[in-house]
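Please keep the structure open while reading.

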Amino acid sequence: MTARPAIASARAGRRALILPGGGMRVAYQAGAIQRLHEEGLRFSYGDGTSGGIMNLGALLSGVTPEDLALRWRRLRPTAFVSPLSLRGYLKFPRLAAFGDFDGITGTIFPHLGIDPDKIRASRGVTAQFNICNFRRKAVEAIPHTRITLNHMLAGMSLPMFTPAVVEGGETWTDAVWIQDSNLLKTAEAGANELWVVWCIGNTPAWQTGMLNQYVHMIEMSAVAALNAELAAIAQLNNRIAAGEAPLGHKTPIKVHLIRPDLPIPLDPDYVAGKVSGNALVDQGYMDASRYLAARAAGGIALDESATMTARPKRGVSFRERMAGRISFDTTDPVTGGVDRNAVPVVLNATINLRDVAGFVRDPQHRGEMAAHLYSPRLGFIRPGTDSNFSLFTPSDQPDLTYMTYELGVLLDGKPHWFSGRKYIRRGWFWRLWRETTTLHVTLHEGHDRTGPVVAAGILRLGLIDFIGLMTTLTARDCPGLGARLGTTGQFIEYFAGSLVRTYLRKGRAR
């Protein structure tokens, strides 16, 4: 069966997909779009700004949401970095920019399946790409039927990093400094249900550092413009409630907004490998799943709370990969792990401990996990709709603690709960490696481990994977080298101390 495009069908009615910018981190949007598509949402209107231009362009080029997410997972982010030639840098300080578009046109666009000819040929949809006309100092919404490659590049040309673009006798650049989405334009076109996938942070505290402050300038521009649009839509809804029909609308305009709870790590972390495309796609998928599960029928409140995030605390993140086999013929993990008919499965997880001090104080020692299951034999990559992660969580037995890796997944469109546990028992030191690297898995129907078990098996963390885990251990939201070392050291001290108490001192778990 051929998958229906996310944007292309008039049968979707008056629903719009709004894709603002966020730099390279708009991989997050791909995960959210995939989840919305699986939910059955289709869109007749599309809007793309800055980095969101890439995802809108790919969808209008015929790339399916599932394929788009896969392409972002496999994308090499260093391809975004395209320095000038030595001769170009000799023009300093009169540089047009520090980089050019060669990486985007030569690698990124082809990899994501972006084809301006196919975009212009799309029918049954009303879509626009927002770029800034520098002469007019105004955002212009270019219809997808007139979009060119130069328009798209201009829409992603942040000053200093890439040059402005001349097209049609005008100079164009990124619109993010004026606004990062165009909700009112889609409402004017007829859309009355707007789905926004927002990637830019809205941090409450000013941070030091030149890069942080550059990003804060983008935050101020983009968030302020969005808040103004939300206020304008609220006014339209008030007029509709009073019996008017502004812009032709007779029913309220709903806005749904999917965003991360805390700002996504910045582009340099993505390029440096401190955050992966897998992690961004998985986080977008999970955030969309959680929004869908709890969404209000009328959408979000149309005020400045829409994108507000909590103040980040000092934390750490790391990536963990465990591989093994599960069997659909048993409910016992040990039996399933040795079943000759068992299916190979890989768990790829990104662990985020947003507040290391709070994590250590928490009796359950819980963190956050964005992850996906990969099974080549079953032919799927299934991101998590929800998760539960903890380290050295006490049990009802004084000598036993758990490491918990649990993930909600949709299999054949039905909810399942992947429940993995490592059993850490007080005992001799030589048991440490086996117990801390062996994940006992049961797969349940439903939304938690109380549902019927449909499969079971064993996944393991190999030595190479363990080394890889250690190389990805990264401090988050820590100002300065001292804070990064201190935060990472606090986590290592907790982890190592728990192992010492369990296997060397053999004391009671706490």
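Contact here means heavy atoms within 4.5 Å. By that criterion, Asn 192 touches Arg 14, His 249, Thr 251, Pro 252, Ile 253 and Lys 254, leaving out residues up to four places away in sequence. The model is predicted: local features need pLDDT of at least 70, side-chain atom pairs count only at pLDDT 80 or more, and totals for chains, interfaces and linings use all residues. Residues are numbered from 1 along each chain as its sequence is written, and side-chain values use heavy atoms, with hydrogens and water left out.

**Asn 192**
- Asn 192 sits in the loop between helix H8 (183-189) and strand S7 (193-197). Helices (H or I, at least four residues) and strands (E, at least two) are DSSP runs, numbered from the N terminus.
- Asn 192 counts as buried at 15% relative accessibility. Buried means under 20% relative accessible area, exposed over 50%, and partly exposed in between (1.4 Å probe, protein chains only).
- Its side chain makes a polar contact with the side chain of Thr 251 (3.5 Å). A polar contact is a pair of N or O atoms within 3.5 Å; within protein, one must be able to donate a hydrogen and the other to accept it, and residues adjacent in sequence count only if both atoms are side-chain atoms.

**Arg 449**
- Arg 449 belongs to the loop between strand S16 (438-445) and strand S17 (453-460).
- Arg 449 is partly exposed, at 34% relative accessibility.
- The side chains of Arg 449 and Ser 419 form a polar contact (2.3 Å).
- Beyond four places in sequence, Arg 449 also touches residues including Glu 406, Trp 417 and His 444.
- Glu 406 is 43 residues apart from Arg 449 along the chain, with 8.9 Å between their C-alpha atoms.

**Leu 19**
- Leu 19 is part of strand S1 (residues 15-19).
- Leu 19 is buried, with a relative accessible area of 0%.
- Among the residues that Leu 19 touches, not counting those up to four places away, are Gln 29, Ile 33, Asn 55 and Val 197.

**Helices H2 and H3**
- The axes of helix H2 (residues 52-60) and helix H3 (residues 65-74) come within 10 Å and cross at roughly 135 degrees. Axes are lines fitted to C-alpha atoms, for helices over the stretch in contact, and angles run from 0 to 180 degrees between N-to-C directions.
- That angle makes H2 oblique to H3. Angles under 35 degrees count as roughly parallel, over 145 as roughly antiparallel, 65 to 115 as roughly perpendicular and the rest as oblique.
- H2 contributes Met 54, Asn 55, Ala 58 and Leu 59 to the contact, and H3 contributes Pro 65, Leu 68 and Trp 72.
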